[in-house]
Amino acid sequence: MLLGAIADDLTGATDLALMLSRGGMRTLQTIGTPPPGFNFGGADAVVVALKSRTVAADLAVADTLKAAAALQAGGAKQLFFKYCSTFDSTPAGNIGPVIEALLNTLDVPFAIACPSFPANGRSLYKGHLFVGDSLLSESPMRDHPLTPMTDANIVRVLQRQTDLKVGLIGHETVSRGASAVEAGFAGATRDGVRIAVVDAIDDTDLRTIGRAARSLQLITGGSGIALGLPENFGFQPKSPMQGRYAAPHGRTVVIAGSCSAATRRQIAVAREAGIPLKKLDVLAMAQGKLDANQIASWACDQHPDATPLIYSSAEPADVRAAQDELGRERAGTIVEEVLAATASRLETRGFSRFIVAGGETSGAVAAALQIPAVEIGPEIDPGVPWTRSLGRDRPVALALKSGNFGADDFFLKARDLLL
Ligand SMILES: Nc1ncnc2c1ncn2[C@@H]1O[C@H](COP(=O)(O)OP(=O)(O)O)[C@@H](O)[C@H]1O
Ligand SMILES: O=C(O)[C@@H](O)C(=O)COP(=O)(O)O
């Protein structure tokens with residue numbers, strides 16, 4: 001293993017694994033930290049998917065360090081901590097505490113932080129994160145159910161999460177090329193900076209930063225920053241898989257727990273296309289009036305050729321109302337538990353192709369389906385591939401979509417790629 005990566009959620013891990021595969025690295029994605037002695041099958045890169053984005057910071061740190069130790073035991077030469085391209089976190093963490101713990105454990109002085117992912121509209125300029133044409137704080141991310149992002153200044157956001165000094169390597173340096181960026185790393189280190197946020201507004205910048213990062217032991221960021229990494233290890237980009245995907249045979253379902261604007265648009269397009277839909281009421285689930293058995297039965301009752309869509313996704317005002325009643329965390333957990341249990345029931349009743357929207361939701365579904373690892377298949381939209389489970393008696397196919405990713409017709413596209 002050359003590169004060992006730890007992602008703070010499952011869709012983020014898949015996004016990164018896709019990027020590394022396209023860069024030519026044989027990439028394996030595990031769900032959770034692999035046990036001692038795990039056979040990485042000769043993979044060049046391993047991405048460990050955690051569910052640590054919104055758990056308590058000390059738990060996120062412990063889980064990450066355990067994953068880092070497993071990757072190092074597997075031979076990883078460089079470690080990558082992957083978080084969201086919209087820097088999803090709370091004032092308490094977990095990005096700052098996790099980077100801090102990794103720096104201390106690896107005993108290295110410096111790491112970079114770069115969430116930029118231009119292919120999906122995230123760019124970083126003067127330390128400010130943009131989503132499309134809007135500042136992060138003015139994008140729909142300000143209404144995220146678990147990690148509302150209300151400050152676009154990533155230096156400031158990260159500095160609130162750590163006592164280590166956070167600095168900025170600006171675009172004026174990045175545009176001068178990899179040597180200038182490396183000199184920037186050295187200069188920042190001399191100034192006592194332990195974590196440097198690095199500007200990147202396009203793929204050329206990401207490749208420059210990737211090259212400059214070849215001798216760093218720890219890299220942190222979104223999947224965009226991984227664009228330039230495979231080349232550092234001598235890999236050449238691979239052409240994307242063409243044609244339709246021979247997924248394990250069985251029925252297809254869409255399960256959406258993401259409340260992002262993108263997911264809500266994708267549901268609207270699926271509705272217009274005539275897909276059968278079931279909207280879940282959070283309070284009914286909390287009161288035990290709606291459970292996984294009922295939801296799974298509804299899906300099974302749909303036409304066998306249909307792709308039923310089950311969703312809890314709601315407008316920000318409705319999410320707030322449910323949270324006022326139940327609390328932010330409890331509302332999220334109830335929805336995740338019911339959706340995960342629904343997936344598990346459906347799998348025993350002939351469904352083997354799962355299109356899931358939302359990072360936390362995907363983590364909960366994959367845990368319920370007891371999937372130890374996945375292999376990466378064809379890309380559906382930037383950052384979202386079809387995947388196939390590994391290490392499970394009855395394999396399943398999974399399209400794990402970050403809430404914010406995907407074109408408006410994503411669910412239809414994902415379905416139509418299946419053979
Ligand atoms: N209607 C709702 N009200 C409150 N919380 C919800 C609702 N629907 C989903 N959630 C929760 O919101 C969170 C969405 O996070 P996630 O699945 O990671 O989506 P995204 O990828 O958009 O961030 C999950 O914890 C989910 O259970
Ligand atoms: O970097 C990204 O935007 C994604 O890879 C990601 O982390 C997905 O997180 P969710 O939006 O919570 O699915």
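Mentor: Start with Arg 22, which touches Pro 237, Lys 238 and Pro 240, leaving out residues up to four places away in sequence. Touching, or contact, means that two C-beta atoms, placed from the backbone, lie within 7 Å. Keep in mind that this is a predicted model, where local features need pLDDT of at least 70, side-chain atom pairs count only at pLDDT 80 or more, and totals for chains, interfaces and linings use all residues. Residues are numbered from 1 along each chain as its sequence is written, while chains are lettered from A and ligands numbered from 1 in the order in which they are written.

Arg 22 is buried, because 20 other C-beta atoms lie within 10 Å. The cut-offs are 20 or more such atoms within 10 Å for buried, 12 or fewer for exposed, and partly exposed in between, with C-beta atoms placed from the backbone. Ser 123 is 101 residues from Arg 22 in sequence and 21 Å away in space, C-alpha to C-alpha.

Arg 22 sits in helix H1, which spans residues 10-22. Helices here are DSSP runs (H or I, at least four residues), strands are E runs of at least two, and both are numbered from the N terminus.

Now the wider setting. The chain is assigned domain 1 (3-232) and domain 2 (251-416); such bounds come from an automatic or database domain assignment. Their centres, taken over C-alpha atoms, are 26 Å apart. Across the boundary, 24 residues of domain 1 contact 27 residues of domain 2. On the domain 1 side, H1 and strand E2 (27-31) are the elements that give two or more residues. H1 has the largest share, eight residues. That side holds nine nonpolar, eleven polar and four charged residues. Nonpolar means Ala, Val, Leu, Ile, Met, Phe, Trp, Tyr, Cys and Pro; charged means Asp, Glu, Lys and Arg; the others, Gly among them, are polar.

H1 also matters to the count around ligand 2: with three residues, H1 gives the most to that shell. A residue is near a ligand if its C-beta atom, placed from the backbone, lies within 6 Å of it. There are 17 residues around ligand 2, and Gly 12, Asp 15, Ser 85, Gly 359 and Ser 402 come nearest. By class, the shell has two nonpolar, twelve polar and three charged residues. Domain 1 and domain 2 both give residues to this shell, so ligand 2 lies between them.
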